[in-house]
Amino acid sequence: MTESFAELANGALSDLGGVFAAMPEDAFDGLIEAIVAAKRIVVFGLGREGLQMRGFAMRLFHMGRDVAVWGDVTTPALGRGDLLIASAGPGDLPTARTLVDVARKAGAMTALVTAQPRGELAKHVDVVTVIPAQTMADDRGASLSVLPMGSLFETAQMIAFELAILKLRPRFHETPETMRARHTNLE
């Protein structure tokens, strides 16, 4: 028998609640401090993680940060005082590792958002932020989220990034009004 929409929603919300219950209070502190210190920020992610990174970049822009999304033609060069934030839920991606190496050689700080803190990429960055959620690296087995593949991680990313923005807002003396004033009028 197929589960109802409400049952599926309750399962998804329960899974998501479990992710945040497993995160320590200071889970995003290192990333927040790196963002506060950064002159310029570039974010990187692929697929659905990339979409979440784009949303995070948008919110950072709303706070007046100098931020770009890797791959856009306006992505600046990074150097000392700058920050690359890479998303690799499964722990490693060849593209992410290459970009991290380039950013580090240029003198930029590097940060990783992942579900796999023991993954190879974590060994190569300055800051590791862990969102303990199912990704495509561990979406097979007995104890699975109701959400498919890496959706639990990607959904948790969106919420965690919004919470990080709420923690960052007073650091930059931002308000909902000042952020809204930077939102595009070209819609």
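User: In what order do the elements of the protein chain run from the N terminus on?
Analyst: The model is a predicted one, and its protein chain holds 6 helices and 5 strands. Read from the N terminus on, these elements follow the order α-α-β-α-β-β-α-β-β-α-α.

User: What radius of gyration does the protein chain have, and what would a compact globule of 187 residues have?
Analyst: The C-alpha trace spans about 55 × 40 × 30 Å along its principal axes. For 187 residues, a compact globule would have a radius of gyration near 16 Å, and the value for the protein chain agrees with this, being 17 Å.

User: What percentage of the contacts with a separation of 6 or more comes from residues 24 or more positions apart?
Analyst: Of the 187 residues of the protein chain, 41% count as buried. Among the contacts in the protein chain with a separation of 6 or more, the share that joins residues 24 or more positions apart is 70%.

User: How far apart are the mean positions of the positive and negative charges of the protein chain?
Analyst: The accessible surface of the protein chain comes to about 10,200 Å², and carbon and sulfur atoms account for 57% of that area. As for the charges, there are 18 positive and 22 negative ones, and the distance between their mean positions is 7 Å.

User: What is phi of Met149?
Analyst: Met149 is placed in the loop between β5 and α5, and with a relative accessible area of 46% it is partly exposed. Most residues other than glycine have a negative phi. Met149 is not a glycine, yet its phi is positive, with a value near 50°.

User: Where is His173 found, and what is its phi?
Analyst: His173 is found in the loop between α5 and α6 (176-181). Its relative accessible area of 71% makes it exposed, since the cut-off for that class is over 50%. Although His173 is not a glycine, its phi is positive, at about 55°.

User: How far apart in space are Ala103 and Val127, C-alpha to C-alpha?
Analyst: Ala103 lies in helix α4 (residues 94-105), where it is buried with a relative accessible area of 4%. Leaving aside neighbours within four places in sequence, Ala103 is in contact with Leu78, Leu84, Ala108 and Thr110. Ala103 and Val127 are 24 residues apart in sequence, and their C-alpha atoms are separated in space by 13 Å.

User: With the side chain of which residue does the side chain of His183 make a polar contact?
Analyst: His183 belongs to the segment after α6 and is partly exposed, with a relative accessible area of 27%. The C-alpha atoms of His183 and Gly107, which are 76 residues apart along the chain, are separated by 31 Å. Not counting residues up to four places away in sequence, His183 touches Met58 and His62. The polar contact between side chains, at 3.1 Å, joins His183 to His62.

Conventions: Residues are numbered from 1 along each chain as its sequence is written. This is a predicted model: local features need pLDDT of at least 70, side-chain atom pairs count only at pLDDT 80 or more; totals for chains, interfaces and linings use all residues. Side-chain values use heavy atoms; hydrogens and water are left out. Helices (H or I, at least four residues) and strands (E, at least two) are DSSP runs, numbered from the N terminus. The radius of gyration is taken over C-alpha atoms; the globule rule is 2.2 Å times the number of residues to the power 0.38. Buried means under 20% relative accessible area, exposed over 50%, partly exposed in between (1.4 Å probe, protein chains only). Contact means heavy atoms within 4.5 Å. Accessible areas come from the Shrake-Rupley method with a 1.4 Å probe; for residues, only the protein chains shown count as cover. Lys and Arg count as positive and Asp and Glu as negative; His and the chain ends are not counted. The place of a charge is taken as NZ of Lys, CZ of Arg, CG of Asp or CD of Glu. A polar contact is a pair of N or O atoms within 3.5 Å; within protein, one must be able to donate a hydrogen and the other to accept it, and residues adjacent in sequence count only if both atoms are side-chain atoms.
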